[in-house]
Amino acid sequence: MADDGVRVAKLLIIEPHADIRSLLELVVRRLGHEPMVWEGGDPEPLAADAAVIEPGEGAGLALARRLRRLGVPVLFTSIFPPDRETLDLQPSSYLVKPFPLYALENALSAALAPVAAHAAAV
């Protein structure tokens, strides 16, 4: 929990480009949450509240499938428009790069809304 009583969410970032990954981390921190950068391996033990994923990244789509099975909301960011495979995963948002940062902030807030509601009820 943050000092103001708001729960700090853990957001898993799966992005192959270092510059974009750094920007995603910055936005997550600016929103008061904790970024967790995926560096390979199994994301399940990370206990992410949500994930920002580049689905075209080698393992991105496979990891998104696993996270969605666990009920973790995913937000996709890509230079390509969504296709049937990504939309079938019911992402909380799909942002096509380049996108304005406020769109990312809004998408992250929307993805975390159910997490915040659950934390408030507990």
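How many of the five residues of strand E1 (residues 10–14) are buried? Four of them are, so E1 is largely enclosed by the rest of the structure. Buried means under 20% relative accessible area and exposed over 50%, with partly exposed in between (1.4 Å probe, protein chains only).

This is a predicted model, in which local features need pLDDT of at least 70, side-chain atom pairs count only at pLDDT 80 or more, and totals for chains, interfaces and linings use all residues. Residues are numbered from 1 along each chain as its sequence is written, and side-chain values use heavy atoms, with hydrogens and water left out.

Strands (E, at least two residues) and helices (H or I, at least four) are DSSP runs, numbered from the N terminus.

From E1 the chain passes through H1 to E2, a right-handed β-α-β crossover (with the strands pointing away from the viewer, the path from the first strand over the helix to the second runs clockwise).

Helix H1 (residues 18–30) has 13 residues and spans 18 Å from its first C-alpha to its last, close to the expected 18 Å (1.5 Å times one less than its number of residues). Leu24, Glu25, Val27 and Val28 of H1 are buried. They lie on the same side of H1, because they cover an arc of only 165° around the axis, taken from the directions from the helix axis to the C-beta atoms. The face turned away from that buried side carries the exposed residues Asp19, Leu26, Arg29 and Arg30. Just after H1, Gly32 takes a positive phi of about 90°.
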